[in-house]
Amino acid sequence: MTVHKLKDGTCVISNDNIYLPGYYENKKAAEFAFKISDDAKQDLQDAAYFTGNRVIAWQDIKDYRARYE
């Protein structure tokens, strides 16, 4: 599992050279995303696009885990 930092400071993640859903606000959030399922990552990405934010925060992942896992 790898975190890739982008020029704007956000991060994306991959596993076995396959990019996983989501743009994360920072490395902390990206690393936390490895603790949730790929379906959860997709749900969070969809929610981020729906709200117009486009970036998944550490708190978003924490809230998702509290509600659904």
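This is a predicted model: local features need pLDDT of at least 70, side-chain atom pairs count only at pLDDT 80 or more; totals for chains, interfaces and linings use all residues.
Trainee: What radius of gyration does the protein have, and what would a compact globule have?

Mentor: The protein has a radius of gyration of 11 Å, which agrees with the value near 11 Å for a compact globule with 69 residues. Its C-alpha atoms fill a box of roughly 30 × 25 × 20 Å along the principal axes. The accessible surface comes to about 4,700 Å², and 48% of that belongs to carbon and sulfur atoms.

Trainee: What share of the residues counts as buried?

Mentor: Of the 69 residues, 35% count as buried. Contacts can also be sorted by separation in sequence. Among contacts with a separation of 6 or more, 39% are between residues 24 or more positions apart.

Trainee: Which residues have the most contacts inside the largest nonpolar core?

Mentor: They are I13, Y24, L44, I56 and I61, in a core of 16 residues. Strand 2, helix 1, helix 2 and helix 3 each give two or more residues to this core. Helix 1 provides the largest share, four residues.

Trainee: Which residues is Y24 in contact with, leaving aside its neighbours within four places in sequence?

Mentor: The list for Y24 is T10, C11, I13, A29, A30, A33, K41, V55, I56 and I61.

Trainee: Take A30, then. Is A30 buried or exposed?

Mentor: A30 counts as buried because its relative accessibility is 0%, and buried means under 20%. A30 is found in helix 1, residues 27-33. Leaving aside neighbours within four places in sequence, A30 is in contact with V3, C11, I13 and Y24.

Trainee: Now the charged side chains. How many salt bridges are found in the whole structure?

Mentor: The general idea is that side chains of opposite charge can pair when their charged atoms come close. A search of this structure finds two salt bridges.

Trainee: What does K41 pair with, and at what N to O distance?

Mentor: The side chain of K41 meets that of D38 in a salt bridge, 3.2 Å from N to O. These residues are three apart in helix 2, so about one helical turn separates them. K41 is buried, with a relative accessible area of 2%, whereas D38 is partly exposed at 44%.

Trainee: And which residue forms a salt bridge with E31?

Mentor: That is K27, with the closest N and O atoms 3.8 Å apart. E31 and K27 are four residues apart in helix 1, and therefore about one helical turn separates them. E31 is partly exposed, with a relative accessible area of 39%, and K27 is exposed, with 51%.

Trainee: Which residues form a nonpolar patch on the surface?

Mentor: L6, Y23 and Y49 do, with about 260 Å² of accessible area together. Y23 lies in the loop between strand 3 and helix 1. Y23 counts as partly exposed because its relative accessibility is 35%.

Trainee: The last feature is backbone phi. Which sign should I expect?

Mentor: Most residues other than glycine have a negative phi. A positive phi in such a residue is a point to look up.

Trainee: What is the phi of N17, and where does N17 lie?

Mentor: Phi of N17 is near 65 degrees, a positive value in a residue other than glycine. N17 lies in the loop between strand 2 (11-15) and strand 3 (18-19). At 76% relative accessibility, N17 counts as exposed.

Trainee: What about R54: where is R54 placed?

Mentor: R54 is in the loop between helix 2 (38-51) and helix 3 (58-68). R54 has a positive phi of about 70 degrees although it is not a glycine. With 45% relative accessibility, R54 counts as partly exposed.

Terms used:
Residues are numbered from 1 along each chain as its sequence is written. Side-chain values use heavy atoms; hydrogens and water are left out. Buried means under 20% relative accessible area, exposed over 50%, partly exposed in between (1.4 Å probe, protein chains only). Contact means heavy atoms within 4.5 Å. Patches are made of residues with over 30% relative accessible area and no salt bridge: like charges are joined within 9 Å, nonpolar side chains (Val, Leu, Ile, Met, Phe, Trp, Tyr) within 5 Å. Accessible areas come from the Shrake-Rupley method with a 1.4 Å probe; for residues, only the protein chains shown count as cover. A salt bridge is a side-chain nitrogen of Lys or Arg within 4 Å of a carboxyl oxygen of Asp or Glu. The radius of gyration is taken over C-alpha atoms; the globule rule is 2.2 Å times the number of residues to the power 0.38. A nonpolar core is a set of buried Ala, Val, Leu, Ile, Met, Phe, Trp, Tyr and Cys residues joined through side-chain atoms within 4.5 Å.
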